Amino acid sequence: MFPNLQSEDPEVYASVMAEVNRQQHDLELIASENHASLAVMEAMGSPLTNKYAEGLPGARYYGGCENVDVVENLARARARKLFMVEGCDIGVNVQPHSGASANAAVFLALLKPGDTFLGLDLSHGGHLTHGSPVNSSGRLYRPVHYHVRPDGWLDMDEVRAVALAERPKLIVCGASAYPRIIDFAAFKAIADEVGALLMADIAHIAGLVAVGLHPSPFPHCDVVTTTTHKTLRGPRGGLILAKRDQMKAMNSAVFPGSQGGPLMHVIAAKAVAFNEALQPSFRSYQEQVLANAKAMAARLVARGHSLVSGGTDNHLMLIDLSEHPLSGKDGELLLGKAGITVNKNTVPGERRSPMVTSGVRVGTPAMTTRGMGVAESEQIADWIADLLASPEDADVHARVRAGVSALCAAFPLYGGAHGAGPSA
Ligand SMILES: *Cc1c(COP(=O)(O)O)cnc(C)c1O
């Protein structure tokens with residue numbers, strides 16, 4: 001694998017192979033991660049990386065764009081097909097380098113410095129780009145926030161109350177750590193009541209939305225942003241979808257507003273991933289992601305754990321360790337040592353610091369891509385419960401680590417070498 005890299009740069013090659021091995025031998029339960037197909041990665045590794053193509057297909061600032069124009073048009077048409085709903089005409093921009101870049105471009109298009117916008121608080125499941133003081137969204141604009149209730153569900157009464165009091169120009173819905181369905185129609189009613197524009201950031205749930213297993217943000221939202229590498233299982237990148245009347249502003253906010261040349265190799269990989277997502281097998285995959293999350297959540301609850309909001313309707317769950325001697329950080333380290341990769345996460349009413357936290361976020365997109373099902377999900381939940389119950393027990397640790405290794409060997413990633421991989 002990678003013979004040219006191996007001979008030219010053994011140091012980088014060694015690290016790349018170490019990471020390939022880590023992904024093969026460990027169980028990836030980070031809710032925002034997935035395993036892209038070999039076709040997606042081949043497109044990303046192609047010479048399209050060499051091409052400058054500032055502008056849009058048919059209107060570029062550089063010559064020689066005839067081939068990349070075809071690629072970008074394929075990506076745009078497929079993305080549109082994936083996310084369009086009856087009677088709502090949308091446009092797409094496939095150039096954002098990441099989810100954060102997509103959000104920055106939308107804010108640049110819709111807000112002026114100092115304008116008020118409303119988003120979900122970071123420690124309640126929101127994202128840094130929804131108005132954190134350490135992000136440009138919180139430094140250039142004036143963010144106000146809504147929260148989840150103590151039971152972990154979004155507080156739509158609070159959304160409306162804050163919107164009425166603050167009169168934001170833009171309302172942002174969407175989250176990084178929220179296990180329930182987002183009611184876009186309810187957000188739209190509030191946006192209309194206060195005369196705000198509505199944006200959904202579906203970075204986490206895009207794959208579910210694409211196959212109709214989570215309600216679509218259209219026709220309710222004016223603009224929708226997403227990543228392409230989470231449940232959508234494409235290359236690392238961003239995407240903007242918007243109603244027609246917003247598209248011109250979106251396009252110029254991406255380029256020249258906030259980016260230079262688009263990553264044409266990544267756009268080619270997005271086109272490949274969108275085509276995969278249009279196949280019937282992608283719907284089966286997302287159904288399995290949900291079934292696995294439900295099974296894992298039910299088993300964790302049966303083993304005495306409390307989950308934020310009591311369970312899950314999507315691809316992720318939050319184990320609430322507020323009443324547990326271990327912190328979220330302890331949990332992340334403990335599971336990580338046994339080959340189960342998760343991340344610590346704040347919980348509603350968090351009493352520990354954001355670097356420690358009282359929650360562990362667990363997601364099923366990546367393990368489902370490997371072919372694991374409900375039985376494996378229940379087994380994994382048991383291992384997690386075993387470890388959390390006996391953090392110091394070397395026998396438990398050894399038993400789980402061996403179990404994880406055997407499970408990963410039975411569900412080889414990319415066919416065990418860099419081979420078969422997740423089928424399209
Ligand atoms: C992951 C995420 C992003 C940012 O995506 P990057 O590609 O990491 O920049 C933005 N919004 C939400 C809700 C996310 O979960």
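Trainee: How much area do domain 1 and domain 2 bury between them?

Mentor: Keep in mind that this is a predicted model. Interface size is often quoted as the accessible area lost when the parts come together. Here 59% of the buried area sits on carbon and sulfur atoms. The total that domain 1 and domain 2 bury is about 2,100 Å².

Trainee: On the domain 1 side, which residues lose the most area to domain 2?

Mentor: Three residues together make up 28% of what that side buries. They are Pro179, Arg180 and Arg233.

Trainee: Where do the two domains run in the chain, and what distance separates their centres?

Mentor: Domain 1 covers 44–277, and domain 2 covers 280–410. The contact draws 25 residues from domain 1 and 24 residues from domain 2. Taken over C-alpha atoms, the centres are separated by 28 Å.

Trainee: Which side chains meet in a salt bridge?

Mentor: The count between domain 1 and domain 2 is one salt bridge. To qualify, a side-chain nitrogen of Lys or Arg has to be within 4 Å of a carboxyl oxygen of Asp or Glu. At 3.2 Å, N to O, the pair that meets is Arg180 and Asp313.

Trainee: How many residue pairs are in polar contact across the interface, and which elements give two or more residues to the domain 1 side?

Mentor: The rule finds 15 residue pairs in polar contact across the interface of domain 1 and domain 2. On the side of domain 1 that touches domain 2, the residues split into 14 nonpolar, six polar and five charged. The elements giving two or more residues to that side are helix H9 (206–210) and helix H11 (264–277).

Trainee: What is the bridge partner of Asn345 in S15?

Mentor: S14 pairs with strand S15 (residues 359–363) in the antiparallel sense, over three bridges. For Asn345, the partner in S15 is Gly359.

Trainee: Now the backbone. Where do the prolines of the cis bonds Phe218 to Pro219 and Phe255 to Pro256 lie?

Mentor: Most peptide bonds are trans. The bond from Phe218 to Pro219 is cis, with omega near 10 degrees, and the cis bond joining Phe255 and Pro256 has omega of about 10 degrees. Pro219 is in the loop between H9 and strand S9 (223–227), while Pro256 lies in helix H10 (residues 244–258).

Trainee: What is the phi of Arg167?

Mentor: Arg167 lies in the loop between helix H7 (156–166) and strand S7 (170–173). Most residues other than glycine have a negative phi. Arg167 has a positive one, near 45 degrees.

Methods. Residues numbered from 1 in each chain as written. Predicted model: local features only at pLDDT ≥ 70, side-chain atom pairs only at ≥ 80, totals over all residues. Heavy atoms only, no water. Domains from an automatic or database assignment. Contact = heavy atoms within 4.5 Å. Buried area = accessible area lost by both parts, 1.4 Å probe. Polar contact = N/O pair within 3.5 Å; in protein donor to acceptor, adjacent residues only side chain to side chain. Helix = DSSP H or I, 4+ residues; strand = E, 2+ residues; numbered from the N terminus. Nonpolar A, V, L, I, M, F, W, Y, C, P; charged D, E, K, R; others polar. Pairing = 2+ DSSP bridges.
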